[in-house]
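The following exercises ask the reader to work through a structural model step by step.

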Amino acid sequence: MQEPNLSSVNEFILLGFSFSPRTTPLLFAAFLMTYLLIILGNSLITILICLDSHLHTPMYFFICVLSMLDLGYTTTTVPQMLAHLTSQKKTISFTSCVAQMYIFLVLGITESWLFAIMSIDRYVAICHPLRYKVIMSPWLCGVMVIFCGLWGVISALVYTVFAMRLPYCGPNKINHFFCEVPAVLKLACADTSVNDRIDFILGFSVIVIPFSLIFVIYINIFMAILRIRSVQGRLKAFSTCASHITVVTMFCMPAMVMYMKPGSEASPDEDKKLALFYNVISAFLNPIIYSLRNKDVKRALLKVTGWSRAPE
């Protein structure tokens, strides 16, 4: 048995991305602009859904939760990354590293299961449209979101406890832009094979199972769509699913690669690119893919801003 953490390491150094001094200002501007757009896009979606009663449906309720998760998800990592790009000091305390790791995992795991819940919503809407409002009641939607959150809290706690109970006696340089479990484990002064097995098992429960559930549900959805006689009806049904499938693929596939491969096979540069994709890029594209191109959201935006035409 490994003894509890007796580490002499009080802080870590986040190496971040390896850029030349000339390109750093450009990358800082690009990341800052992306982060501001993430805040703007996801905040706008959340506000519109709260203000417009026409968007008080299960689908938009889940999209609202997704936007709030994306806001928290990126705010956990990006501001620190921006600060480190402009500073010579790139340290983070041991306690802050643990907190960042835990919060990031809670939000990420919750989002992973939320995608599965959203696929159930689409299944009911397409396959049982007449009973949709009865089945997807506000109470049931609330319970499903609470389940996602509790699963995230519990799974993230297990991930974090098993990672940070190991001794960290030096070196203290994390080859990443934030404290993510695979990158931190490389600094442990002990065998991490048990952690690899735990990460694989937990990765199965928080990524593979939701993704498999989504896959099975969409097979049933597509079979139901193919039975629709109207070509226009088929296209409309497919379009409502395309956004969700795109978002799920952007988030789940990189996360699956990151958390389910053995630590010995991890490449720091590849891990940073994967993390950037499912942490920043997906949060940036979600409002565009899911909502801002949606007619209902555009109508709500015009209504809230007062730019819409006179009411009919």
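Predicted model: local features only at pLDDT ≥ 70, side-chain atom pairs only at ≥ 80, totals over all residues.

Residues are numbered from 1 along each chain as its sequence is written, and side-chain values use heavy atoms, with hydrogens and water left out.

**Exercise 1. The sheet**

Determine the order of the strands in the open sheet and describe how they pair.

Solution. Step 1: strands, like helices, are DSSP runs numbered from the N terminus, a strand (E) having at least two residues and a helix (H or I) at least four. Two strands pair if DSSP finds at least two bridges between them.

Step 1: three strands form the open sheet, in the order E2-E1-E3, and the pairing is mixed. The edge strands are E2 (91-93) and E3 (173-174), each of which pairs on one side only.

Step 2: E1 (residues 11-14) and E2 run antiparallel and are joined by three bridges. Within this pair, isoleucine 13 has threonine 91 of E2 as its bridge partner, and glutamate 11 stands opposite serine 93.

Step 3: E1 and E3 pair in the parallel sense over two bridges. Here leucine 14 has isoleucine 174 in E3 as its bridge partner.

Step 4: the covered face of E1 carries Phe12 and Leu14, and the uncovered face carries Glu11 and Ile13.

**Exercise 2. Packing of H1 against H2 and H3**

Classify the packing of H1 with H2 and with H3 from the axis angles.

Solution. Step 1: two packed helices are described by the angle between their axes and the distance between the axes. Axes are lines fitted to C-alpha atoms, for helices over the stretch in contact, and angles run from 0 to 180 degrees between N-to-C directions.

Step 1: H1 (residues 24-51) and H3 pack at about 160°, with their axes 10 Å apart. For H1 and H2 (residues 58-75), the angle is about 150° and the axes are 9 Å apart.

Step 2: angles under 35 degrees count as roughly parallel, over 145 as roughly antiparallel, 65 to 115 as roughly perpendicular and the rest as oblique. H1 and H3 are therefore roughly antiparallel, and H1 and H2 are likewise roughly antiparallel.

Step 3: a crossing is left-handed if the near helix is turned anticlockwise from the far one by less than a right angle, and right-handed if clockwise. H1 passes H3 in a left-handed crossing, and its crossing with H2 is also left-handed.

Step 4: H3 (residues 78-85) is mostly covered, with six of its eight residues buried (under 20% relative accessible area; exposed is over 50%, partly exposed in between, with a 1.4 Å probe and protein chains only). The buried residues of H3 are Val78, Gln80, Met81, Leu82, His84 and Leu85.

**Exercise 3. Individual residues**

Assign methionine 164, threonine 91 and threonine 305 to an accessibility class.

Solution. Step 1: methionine 164 lies in H6 (residues 138-164) and, at 8% relative accessibility, counts as buried. Methionine 164 and alanine 188 are 24 residues apart in sequence and 8.8 Å apart in space, C-alpha to C-alpha.

Step 1: threonine 91, in strand E2, counts as partly exposed because its relative accessibility is 24%. The C-alpha atoms of threonine 91 and isoleucine 174, 83 residues apart along the chain, are separated by 9.7 Å.

Step 2: threonine 305, found in H11 (residues 295-305), has 35% relative accessibility and therefore counts as partly exposed.
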